Amino acid sequence: MEQNKRIKIGIIGSTGRMGKMLHSVIMTESSKYEIAATFCRQSSHDLTSVFNTSDVVVDFSAPELVERVLRSALECSKITPLVLCSIS
């Protein structure tokens, strides 16, 4: 990794309890990480844009969204690591 390059993190489920906690942790480590994109039920953009703008995506959404998340990851124009943390 280039020196001083921050890792761009996408958060799916950004308005839930764990999504908010992840957002808070990233903000306290802003010299290392930045939030590239977020997605929640009220988002007007599609999930693919989260993958296209992020170095890694963390999914803390509901289990019923997993298939849609995986489909979006496959439709992405680049390979983006995905961490699935679906909760119920």
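**Some words first.** Buried means under 20% relative accessible area, exposed means over 50%, and partly exposed lies in between, using a 1.4 Å probe and protein chains only. Helices (H or I, at least four residues) and strands (E, at least two) are DSSP runs, numbered from the N terminus. This is a predicted model, where local features need pLDDT of at least 70 and side-chain atom pairs count only at pLDDT 80 or more, while totals for chains, interfaces and linings use all residues. Residues are numbered from 1 along each chain as its sequence is written, and side-chain values use heavy atoms, with hydrogens and water left out.

**View 1. Helix 1 from end to end, residues 17–28.**

View 2. Which residues of helix 1 are buried? They are Gly-19, Leu-22 and Ile-26. These residues cover an arc of only 60° around the axis, which puts them on the same side of helix 1; the arc is that of the directions from the helix axis to the C-beta atoms. What covers the buried residues includes strand 1 (7–12), strand 2 (33–39) and strand 3 (56–59).

**View 3. Thr-15, in the loop between strand 1 and helix 1.** Thr-15 counts as partly exposed, at 47% relative accessibility. Not counting residues up to four places away in sequence, Thr-15 touches Lys-20, Cys-40 and Gln-42; contact here means heavy atoms within 4.5 Å. Thr-15 and Cys-40 are 25 residues apart along the chain, yet their C-alpha atoms are separated by 6.3 Å.

**View 4. Thr-48 and Ser-49 in helix 2.** Leaving aside neighbours within four places in sequence, Thr-48 is in contact with Ser-72, Glu-75 and Cys-76. Ser-49 has 26% relative accessibility and therefore counts as partly exposed. From C-alpha to C-alpha, Ser-49 and Ala-37 are 7.9 Å apart in space and twelve residues apart in sequence.

**View 5. Ser-30, in the loop between helix 1 and strand 2.** With a relative accessible area of 35%, Ser-30 is partly exposed. Ser-30 and Ser-49 are 19 residues apart in sequence, and 22 Å separates them in space, C-alpha to C-alpha.

**View 6. The lining of the largest pocket.** How many residues line the largest pocket? There are 16, of which Gly-13, Arg-41, Phe-60, Ser-61 and Ala-62 lie nearest its centre. The lining divides into seven nonpolar, five polar and four charged residues.

Definitions and conventions: Expected span 1.5 Å × (residues − 1). 1 Å grid on protein atoms, 1.4 Å probe; cavity = no way out; pocket = protein on both sides within 12 Å on 5 of 7 lines; lining within 4 Å. Nonpolar A, V, L, I, M, F, W, Y, C, P; charged D, E, K, R; others polar.
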